[in-house]
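Me: I am new to this structure and would like to learn how to read it. May we start with a pair of helices?

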Amino acid sequence: MEKIKFGLIGCGRIGLRHAVEIKKVGVLQAICDINKERLSLAKKECELSTAYDNIDELLDKEKDIDVISICTPNGLHAEHSIKSLKKGFHVLCEKPMAIKVEDCGKMINEAEHANKRLFIVKQNRFNPPIVALKQVIAENRLGRIFSVQLNCFWNRNNNYYQSSDWKGTKKLDGGTLFTQFSHFIDLLYWLIGDIRNVYPIIKNYAHENIIEFEDAGVVTLEFYNGVIGTINYNVNSYQKNFEGSITIFAEKGTVKVGGPYLNKLDYQCIDNYVIEDLPEGKGANEYGGQYQGSMSNHDEVYKNVVDVLNNKGVIATNGYEGLKTVEIIDKIYAKSRYLIDSSRILGL
Ligand SMILES: NC(=O)c1ccc[n+]([C@@H]2O[C@H](COP(=O)([O-])OP(=O)(O)OC[C@H]3O[C@@H](n4cnc5c(N)ncnc54)[C@H](O)[C@@H]3O)[C@@H](O)[C@H]2O)c1
């Protein structure tokens, strides 16, 4: 079978990780970045003869490509995905799918019009304890789920934001829930269900004048299926990432998946069942020794793309699911803005 050919837009930190994984399962045909220095470094690293500093040029000239991988800043995902779909390419888009709900709708519509596949990167779904938890829920071993608690306590220091031209900005980053924790919100949706109501409080404690939004938040949740929950999150945990965990309390069991990256089964007490023999998870994505991100399962993401395009699989995270995460985050920020405006009007 002929190898699938990929084009990569955005050769920054995660873009280079994509390049490595693409080469394992397919052909990296062309890359693009508007930053000439990064482009030339990536060109060398990827051993390519052609590289583009303009997405339109790549999309016009590289007719042979099958899939475009979008690794540009959050606020550009929709524009770059739609352009690629319009030109007849399949798209793999990094998380978050976009930072506006309506843009996600446009991306889904464009994929339908073009009859092309749209994949969203949510590699935490492949973390071994998360796979096991999903199975336990699917087999109804926990019975009725009562409540869920999501904790995301990470550290992103000033240098992390100051060394980037988009992280921390409303326009291209969108908010801490988009860049740091959209994987975790996706898991709430995937494991528990869709969310009806959110009651948030957000604050910026340690990054004032550094980022244009919150560095901490607490959110109470009510799911459509009656489950209640909380999200506690921050990027101001002292010095380093502390925890990324999800705890489920149910009729027939309590399970906590934790570690800093949802990579460890911290606790289980399930009626007549034990989760065991979990495969060793991969480490977290390392970014030049400066900070760590989510678990590094991009190999699984690319295996899924290849399987689906060879008619052997179902998209691991599709556009509709990508939209749901963006919608939940949008609900949280919209309610926060409303509460902040109300308290201002009331002089609180
Ligand atoms: N799945 C994950 O675990 C994970 C981890 C890190 C980042 N991400 C996501 O990946 C995306 C990139 O993040 P990053 O940390 O690699 O950022 P980055 O700043 O290191 O890289 C982004 C790159 O895009 C380039 N770029 C900007 N505008 C462009 C344009 N118009 N055309 C072409 N290139 C352009 C920049 O020059 C830069 O090299 C973000 O959406 C982020 O949320 C996902």
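This is a predicted model: local features need pLDDT of at least 70, side-chain atom pairs count only at pLDDT 80 or more; totals for chains, interfaces and linings use all residues.

Me: Which residues make the contact between H5 and H11?

Reply: On the H5 side, they are Val101, Cys104, Gly105, Met107, Ile108 and Ala111. H11 contributes Gly319, Tyr320, Gly322, Leu323, Val326, Glu327 and Asp330. Sorted by class, this contact of H5 with H11 holds eight nonpolar, three polar and two charged residues.

Me: How should I read the pair H4 and H5: are they roughly parallel or roughly antiparallel?

Reply: The test is again the angle, and one under 35 degrees counts as roughly parallel. The axes of helix H4 (residues 77-86) and H5 cross at roughly 10° and come within 9 Å, so H4 and H5 are roughly parallel to each other. From H4, the contact takes Ala78, Ser81, Ile82, Leu85 and Lys86; from H5, it takes Asp103, Lys106, Met107, Glu110, Ala111 and Ala114. Six of the residues in the contact of H4 with H5 are nonpolar, one is polar and four are charged.

Me: Which residues of H4 are buried, and what do they pack against?

Reply: The buried residues of H4 are His77, Ala78, His80, Ser81, Ser84 and Leu85. They pack against strand S1 (5-9), helix H3 (55-61), strand S4 (67-70), strand S5 (90-93) and H5. After H4 comes Gly88, with a positive phi near 90°.

Me: Which residues are buried in helix H6?

Reply: In H6 (residues 128-138), they are Pro128, Pro129, Ile130, Leu133 and Val136. Their cover includes helix H9 (182-191), strand S12 (253-258) and strand S13 (264-270). Asn140 follows H6 and has a positive phi, near 60°.

Me: Why is Pro129 classed as buried?

Reply: The count of surrounding C-beta atoms decides the matter, and 20 or more within 10 Å make a residue buried. Pro129 has 23 other C-beta atoms within 10 Å, so it is buried. Setting aside neighbours within four places in sequence, Pro129 is in contact with Val257, Asn263, Lys264, Leu265 and Leu278.

Me: What surrounds the ligand?

Reply: The shell consists of 27 residues, and the closest are Gly10, Gly12, Ile14, Asn35 and Glu94. Helix H1 (13-25) and strand S15 (291-295) are the elements that give two or more residues to this shell. H1 supplies the largest share, three residues. By class, the shell has ten nonpolar, twelve polar and five charged residues.

Me: How may the chain be described as a whole?

Reply: The chain has eleven helices and 15 strands. Its radius of gyration is 20 Å, close to the 20 Å that the globule rule gives for 348 residues, so the chain is as compact as a globular protein of that length. The C-alpha trace spans about 55 × 55 × 40 Å along its principal axes. Of the 348 residues, 43% are buried.

Me: What share of the contacts joins residues 24 or more positions apart?

Reply: Among contacts in the chain with a separation of 6 or more, such residues account for 64%.

Key:
Residues are numbered from 1 along each chain as its sequence is written. Two residues are in contact if their C-beta atoms, placed from the backbone, lie within 7 Å. Helices (H or I, at least four residues) and strands (E, at least two) are DSSP runs, numbered from the N terminus. Ala, Val, Leu, Ile, Met, Phe, Trp, Tyr, Cys and Pro count as nonpolar, Asp, Glu, Lys and Arg as charged, and the others, Gly among them, as polar. The radius of gyration is taken over C-alpha atoms; the globule rule is 2.2 Å times the number of residues to the power 0.38. A residue is buried if 20 or more other C-beta atoms lie within 10 Å of its own, exposed if 12 or fewer, and partly exposed in between; C-beta atoms are placed from the backbone. A residue is near a molecule or strand if its C-beta atom, placed from the backbone, lies within 6 Å of it. Axes are lines fitted to C-alpha atoms, for helices over the stretch in contact, and angles run from 0 to 180 degrees between N-to-C directions. Angles under 35 degrees count as roughly parallel, over 145 as roughly antiparallel, 65 to 115 as roughly perpendicular and the rest as oblique.
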